[in-house]
Amino acid sequence: MEILVLGGTAWVGREVARPALARGHRVTCLARGESGEVADGARLVAADRREPGADESAALLAPTDRSEVDRSLYGEAKVACEQASAAAVGDRLLIARAGLIGGPGDHSGRSGYWVARVNHR
C-alpha cells in the first residue's frame with residue numbers, strides 16, 4: 001500500500017509513518033522539510049502549503065491534470081487529489097484539517113500540560 005502523510009518531518013507525521021513503514025507500506029511525506037527528517041525509509045516531497053491571507057472560505061485553485069508536480073503546483077495538485085477522492089467515494093469523503101494535536105513524540109510540552117495540572121490539584 002502507498003500512503004501519503006501530509007507533514008512527516010515533525011513528531012506526529014513521523015509517528016504515523018513509522019508503523020506504516022514497519023508494516024511494509026511505501027510512505028511519502030509531503031512537507032516543507034523544515035521541522036526535521038522523515039522517518040527512515042519514507043520519501044520526502046518538499047512543498048510549502050502556506051497561502052497567506054487564505055482561510056477555509058478562500059476560493060480553490062484550478063486543479064492540475066499533471067500526474068507529477070513540483071512544489072510550485074502544490075495547491076493545484078492538492079485540489080486535484082481532493083476532487084479525485086470525492087469523485088471516487090462521493091459523500092463518504094471527509095477532508096479533515098486538524099488543529100492542535102498532542103501525543104507521543106510531541107516535544108512542545110503541550111501534551112503534558114493537563115496531566116501536570118491535574119497532578120497539582
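# A tour of the sheet and its helices

Strands E1 and E2 pair in the parallel sense, over five bridges. The model is a predicted one. Select both strands to start. Strands in a sheet pair through backbone hydrogen bonds, either parallel or antiparallel.

Now pick Leu6 and look across to E2. Its bridge partner there is Leu30. Next, follow the chain from E1 to E2. The path runs through helix H1, residues 11-22. This β-α-β crossover is right-handed.

The three strands form an open sheet, in the order E1-E2-E3, with parallel pairing. At the edges lie E1 (2-6) and E3 (43-46), each pairing on one side only. From one strand to the next, the twist averages 25°.

Stay with E2, residues 26-31. With E3, strand E2 pairs in the parallel sense over four bridges. Which residue of E3 stands opposite Cys29? Select Leu44 to see the residue in question.

**Stop: the cysteines**

Keep Cys29 selected. Is Cys29 buried or exposed? Cys29 counts as buried because its relative accessibility is 0%, and the cut-off for buried is under 20%. Now select Cys81. Its relative accessibility is 46%, so Cys81 counts as partly exposed. A disulfide is a covalent bond between the sulfur atoms of two cysteines. How many disulfides does the count give? The count comes to zero.

**Stop: helix H1**

Select residues 11-22 again for H1. H1 has 12 residues and reaches 17 Å from its first C-alpha to its last. That is close to the 16 Å expected at 1.5 Å a residue. Colour its buried residues: Trp11, Gly13, Arg14, Ala17, Ala20 and Leu21. What covers the buried residues of H1? The cover includes E1 and E2. An α-helix has 3.6 residues a turn, so residues three or four places apart point the same way. Then step past the helix to Gly24, which follows H1 and has a positive phi, near 95°.

**Stop: helix H2**

Select residues 74-89 for H2. At 1.5 Å a residue, its 16 residues should span 22 Å. The end C-alpha atoms are 23 Å apart, which agrees. Colour the buried residues of H2: Tyr74, Gly75, Glu76, Ala77, Val79 and Glu82.

Notes. Residues are numbered from 1 along each chain as its sequence is written. This is a predicted model: local features need pLDDT of at least 70, side-chain atom pairs count only at pLDDT 80 or more; totals for chains, interfaces and linings use all residues. Side-chain values use heavy atoms; hydrogens and water are left out. Two strands pair if DSSP finds at least two bridges between them. Helices (H or I, at least four residues) and strands (E, at least two) are DSSP runs, numbered from the N terminus. Axes are lines fitted to C-alpha atoms, for helices over the stretch in contact, and angles run from 0 to 180 degrees between N-to-C directions. A crossover is right-handed if, with the strands pointing away from the viewer, the path from the first strand over the helix to the second runs clockwise. A disulfide is a pair of cysteine sulfur atoms within 2.5 Å. Buried means under 20% relative accessible area, exposed over 50%, partly exposed in between (1.4 Å probe, protein chains only). The expected span of a helix is 1.5 Å times one less than its number of residues. Contact means heavy atoms within 4.5 Å.
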